[in-house]
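Subject: Structure for you to look at

Hello,

I am passing on a structure for you to look through. Please open it beside this message and find each residue as you read.

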Amino acid sequence: MNRTMKRWTLNQPGRSALTLIDTDIPQPGPHEVLVRVNAVALNYRDNAIIEGRMGEGMVMPLTPGSDMAGVVEAVGPGTIRFHTGDRVISSFNADWIDGRLHNNARAPHYNTLGYGIQGVLAEYVVMHENWLVRAPLTLTDAEASTLVCAGLTAWFALVERGGLRPGETVLVQGTGGVSLFALQIAKSLGAEVFVTSSSDEKLAAALALGADHAINRHKEEWVEAIHRLTDDRGIDHVVETVGGRNFANAVRAVASQGRISLIGMMDTQDTAAPGGLLLLKSPVIQGIGVGHRRALDDLTRAVDQIGLKPVIDSTFSFGALPEALAALERGPFGKIVIELS
């Protein structure tokens with residue numbers, strides 16, 4: 001094995017500051033694992049972090065990226081969870097294993113890969129063995145990498161926290177990674193799925209994935225369409241990936257005693273909604289900060305059982321990270337993945 005590797009690094013905010021450098025391959029210490037990275041899935045947050053729009057908690061210099069799939073090349077002393085040759089994926093919230101996230105009420109931390117902890121856009125990474133999960137047997141590395149953030153976010157909202165049951169209704173907004181995972185997971189559990197988008201082409205693709213109803217939000221007022229299609233009952237599970245001012249529309253669309261999973265903050269305005277509707281409908285409002293490792297384990301097993309195949313819009317080479325980030329900004333159908341193998 002070579003002694004050096006390539007790694008993306010950022011010394012200051014801005015996509016133009018991204019630099020691909022040569023550095024020594026790290027070696028695993030006690031309870032650590034050396035992973036050869038084969039694929040990295042990108043998320044909306046990666047652009048926000050790189051451009052300095054995620055606050056001041058990120059380490060510098062920073063290697064971005066959180067969603068990795070690869071193969072264990074070596075293990076450090078005392079490691080028991082993995083062996084050389086195991087296929088693994090990263091766990092987004094590194095130290096969150098199960099149960100409640102231990103956090104600070106005054107100033108909640110964001111101890112995640114590619115922000116508070118060095119990320120995975122490198123040919124090799126060393127991680128604590130607790131920060132990894134076995135990859136699904138039925139997925140390629142590119143497909144498996146997409147589970148880490150987008151897949152787990154949808155699973156955590158609908159299954160882990162949402163307890164989704166057959167026959168319930170689910171609304172997904174847009175056709176990004178989280179939305180398409182939510183669509184596929186919901187259909188596998190027997191739910192009725194509603195999708196909104198501004199593109200007829202993307203709506204047709206969502207219907208082909210199994211969505212039951214497609215609403216072009218540029219052609220009709222989408223909340224009114226939801227009311228019409230549900231005979232004014234509303235939606236049991238709203239997957240809110242926009243946030244900000246759109247949250248008020250989610251409250252209008254949700255059924256009485258339904259559930260809204262606040263996931264995205266693409267609209268950076270404060271989230272607000274009519275107090276009267278909140279009182280009268282009494283929905284559960286839950287913020288979803290991806291999820292813990294145990295739920296990621298559950299998701300990987302479910303993927304193998306139900307045959308779920310993540311939707312990948314396009315793949316890029318390791319050296320084409322800036323181009324991949326630009327494609328991400330344009331709004332893909334599904335995930336953008338960097339392939340290293």
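Below is what was found in it, one topic at a time. Keep in mind that this is a predicted model.

Aromatic pairs

How many aromatic pairs does a search of the whole structure find? The search gives 2. One of them joins Trp8 and Phe318 in an edge-to-face arrangement, with 6.4 Å from centre to centre and 70° between the planes. Trp8 belongs to strand β1, while Phe318 sits in the loop between β14 (312-317) and α10 (321-329), so this pair ties together parts that are 310 residues apart in sequence. Trp8 and Phe318 are buried.

Trp96 and Phe156 also form an edge-to-face pair, at 5.7 Å centre to centre and with 65° between the planes. Here too distant parts of the chain are linked: Trp96 is in the loop between β5 and β6, Phe156 is in helix α3 (residues 147-160), and they are 60 residues apart. Both Trp96 and Phe156 are buried.

Thr79

Next, look at Thr79, which is found in the loop between β4 (67-75) and β5 (87-90). Is Thr79 buried or exposed? Its relative accessible area is 14%, and the cut-off for buried is under 20%, so Thr79 counts as buried. A polar atom of the Thr79 side chain lies 2.9 Å from the backbone oxygen of Gly76. A polar atom of that side chain also lies 3.2 Å from the backbone oxygen of Glu32. If neighbours within four places in sequence are left aside, Thr79 is in contact with His31, Glu32, Val33 and Glu129.

The second largest pocket

This pocket has a volume of about 240 Å³. It is lined by 16 residues, and those closest to its centre are Pro26, Gln118, Gly119, Val125 and Val126. Two or more lining residues come from each of β1 (4-10), β2 (18-24) and β6 (124-128). Strand β6 gives the largest share, 4 residues. By type, the lining of the second largest pocket has 10 nonpolar, 4 polar and 2 charged residues.

The ends of helix α5

Which residue caps the N-terminal end of helix α5 (residues 200-209)? It is Ser199, with a side-chain oxygen 3.3 Å from the backbone nitrogen of Glu201. Just after α5 comes Gly210, which takes a positive phi of about 125°.

Regards

Methods:
Residues numbered from 1 in each chain as written. Predicted model: local features only at pLDDT ≥ 70, side-chain atom pairs only at ≥ 80, totals over all residues. Heavy atoms only, no water. Polar contact = N/O pair within 3.5 Å; in protein donor to acceptor, adjacent residues only side chain to side chain. Buried < 20%, exposed > 50% of the residue type's maximum accessible area, 1.4 Å probe, protein only. Contact = heavy atoms within 4.5 Å. 1 Å grid on protein atoms, 1.4 Å probe; cavity = no way out; pocket = protein on both sides within 12 Å on 5 of 7 lines; lining within 4 Å. Points joined across faces, edges and corners; volume = space filled by probe spheres on them. Nonpolar A, V, L, I, M, F, W, Y, C, P; charged D, E, K, R; others polar. Phe/Tyr/Trp six-rings, centres within 6.5 Å; stacked < 30°, edge-to-face > 60°.
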